[in-house]
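Below are a few friendly notes, in numbered points, to read alongside the model.

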Amino acid sequence: MAGSSHGHGHTPAAWTGVIISFIGFCVAGAFMVMAQPVGFWAGMVLIVAGAVVGGVMRAMGLGQTPKPLEATGAPAATREPAGVES
């Protein structure tokens with residue numbers, strides 16, 4: 001997937017949303033280990049905020065525009081070799 005050309009996630013909206021959510025995961029994990037429920041839930045709020053911020057930024061035009069998938073011309077399903085069928 002590293003050589004894919006569709007640029008999945010290489011937008012300001014994606015980077016911002018993921019960074020905020022990652023910070024939320026770190027905060028929630030740290031406070032969970034310290035047995036502090038308020039800090040844990042604050043981290044969970046940050047995770048949701050990352051998704052909201054990413055969605056709002058995409059709606060503002062800072063995300064990737066959806067592109068339809070293209071068929072490669074290969075058949076959708078192939079038959080099993082003759083010896084495998086029952």
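1. Let me start with S21, whose side chain has a polar atom 3.0 Å from the backbone oxygen of G17. That is a polar contact in the sense of a pair of N or O atoms within 3.5 Å, where within protein one must be able to donate a hydrogen and the other to accept it, and residues adjacent in sequence count only if both atoms are side-chain atoms. S21 belongs to helix α1; helices (H or I, at least four residues) and strands (E, at least two) are DSSP runs, numbered from the N terminus.

2. Is S21 buried or exposed? With a relative accessible area of 14%, S21 is buried; the cut-offs are under 20% relative accessible area for buried, over 50% for exposed, and partly exposed in between (1.4 Å probe, protein chains only). Leaving out residues up to four places away in sequence, S21 touches L46, I47, G50 and A51, with contact meaning heavy atoms within 4.5 Å.

3. A word on the basis of all this: the model is predicted, so local features need pLDDT of at least 70 and side-chain atom pairs count only at pLDDT 80 or more, while totals for chains, interfaces and linings use all residues. Residues are numbered from 1 along each chain as its sequence is written, and side-chain values use heavy atoms, with hydrogens and water left out.

4. Now the overall picture. The chain has two helices and zero strands. Of its 86 residues, 14% count as buried. Among contacts with a separation of 6 or more, 58% come from residues 24 or more positions apart.

5. How do the helices pack? α1 and helix α2 (residues 37–62) meet at an angle of about 175 degrees, and their axes are 7 Å apart. α1 is therefore roughly antiparallel to α2. Here axes are lines fitted to C-alpha atoms, for helices over the stretch in contact, and angles run from 0 to 180 degrees between N-to-C directions; under 35 degrees counts as roughly parallel, over 145 as roughly antiparallel, 65 to 115 as roughly perpendicular and the rest as oblique.

6. M44 also deserves a look: this residue sits in helix α2 and is partly exposed at 30% relative accessibility. M44 and A28 are 16 residues apart in sequence, yet their C-alpha atoms are 6.2 Å apart in space.

7. Please look at T11 too, in the segment before α1 (12–33). Its side chain reaches the backbone nitrogen of A14 at 3.2 Å. T11 is buried, at 13% relative accessible area, and touches L62, G63 and Q64, again not counting residues up to four places away in sequence.

8. The loop between α1 and α2 includes A35. Phi of A35 is near 55 degrees, a positive value in a residue other than glycine. A35 counts as exposed, with 58% relative accessibility.

9. Finally, which residues form the one aromatic pair in the structure? F40 and W41 do, edge-to-face, at 5.0 Å centre to centre with 75 degrees between the planes. Rings of Phe, Tyr and Trp (its six-membered ring) pair if their centres lie within 6.5 Å, and planes under 30 degrees apart count as stacked, over 60 as edge-to-face and the rest as tilted. F40 is partly exposed at 21% relative accessible area, whereas W41 is exposed at 54%.
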